[in-house]
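Please look through the sequence and the structure shown below before reading on.

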Amino acid sequence: MTDKIYEYRDEHNWFIAKASFANLFGSFGDNNREQEIYQIGQLFDQLITGNYEDDNFNQCVNIEVIKLQSEFALFQFACDILNELNNRQFKVLQHQGTILVTEGDKLLLVHLPKEGVATSDFFGYDKGMASIGDTILIATKNEGKTKEFRKIFEKLGIAVENLNDYPDLPDVEETGMTFEANARLKAETIAKLTGKMVLADDSGLKVDALGGLPGVWSARFSGPDATDDKNNAKLLHELQMVFEQKDRSAQFHCCLVVASPDKESLVVEADWPGYIAVQPQGENGFGYDPLFLVGESGRTAAQLSPEEKNTMSHRGLAVRKLMEVFPSWLNTL
């Protein structure tokens, strides 16, 4: 049996675990939910149990809960460990307030809230069993961006759609004067039209010497027929009399908004600081990447690999912030 110690910790949840002969869930710090946590451990005996007399017994997990807000996070943590220990393929989903554990095409466990759920909500009589599983609609037609968000939300048991799945939806005009206003406009309008949970983002470049421009006009900075090359050329023109790098400071900004028809929208924002170069450099990326010097590195965003960019960019940081708060937001009324 492995001696490895496992840990999961975020702002609202903290779990520590190790392999065990039985599925034992206890509360180290959250005494108010001790019985509930113990019962969740008993549920996992339906998935896997140990056998003291068999050298090839299925390894179970012993988890101590220090902080708990999201039961989904606890289920995901436990299943991830059991998958690793026993080469299983457990998957955790959320649906209409319940938590489901599946493996392949089999539904193995259903965990209900104390107050239960309406059968019509759970089974979706009007749509059939195909309606099972919560989804989030990404307010984009970009399949590349959708693919990245799908990887993220899959870990939360949530399926991802994009606007290509809703061809009859009207375009939402980005008339806001701030990044948040534009992201809210897209997310909340589409959520109202579809009844879906919707994620929208608005991003752009803020240059300090230009008073924050191009800002929300980043994509159309050079006019109605703007292209990346035209936008970069205009930016260099606007800064042609600004010679010192320290005076050419800038930030890429990203705002993410998740909206649902029945709750207050969730908003996260992040900045990526840097400077504007005097000429384009690099072949990767898009938009202003060839002009954006990353911090004091001397390299532009267009000289970074996609992996490097994702670890430090405004969008990457905003997504990580979103994942910190999204599970608790999802479980609020």
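Predicted model: local features only at pLDDT ≥ 70, side-chain atom pairs only at ≥ 80, totals over all residues.

## Helix α5

Helix α5 runs through residues 179-194, and its 16 residues reach 23 Å from the first C-alpha to the last, which is close to the 22 Å expected at 1.5 Å a residue. Its buried residues are F179, N182, A183, K186, A187, I190 and A191. Because these buried residues fall within an arc of 150° when α5 is seen down its axis, they line one face of the helix.

The partners of these buried residues are β8 (135-138), β10 (197-207) and β11 (249-260), against which they pack. Just after α5 comes G195, which takes a positive phi of about 75°.

## Helix α1

In helix α1, which spans residues 34-43, the buried residues are E36, I37, I40, G41 and L43. Seen down the axis of α1, they fall within an arc of 155°, so they too line one face of their helix. They pack against the strands β3 (24-27), β4 (60-67) and β7 (106-111), and also against helix α2.

## The nonpolar cores

The largest nonpolar core has 52 residues, and within it I63, I136, F153 and F326 have the most contacts. Helix α2 (residues 71-86) gives the most to this core, contributing ten residues.

Leaving aside residues up to four places away in sequence, I136 touches F153, I158, A159, V160, E161, M197, V198, L199, V258 and F326.

Technical notes: Residues numbered from 1 in each chain as written. Heavy atoms only, no water. Helix = DSSP H or I, 4+ residues; strand = E, 2+ residues; numbered from the N terminus. Expected span 1.5 Å × (residues − 1). Buried < 20%, exposed > 50% of the residue type's maximum accessible area, 1.4 Å probe, protein only. Arc of directions from axis to C-beta. Contact = heavy atoms within 4.5 Å. Core = buried A, V, L, I, M, F, W, Y, C linked by side-chain atoms within 4.5 Å.
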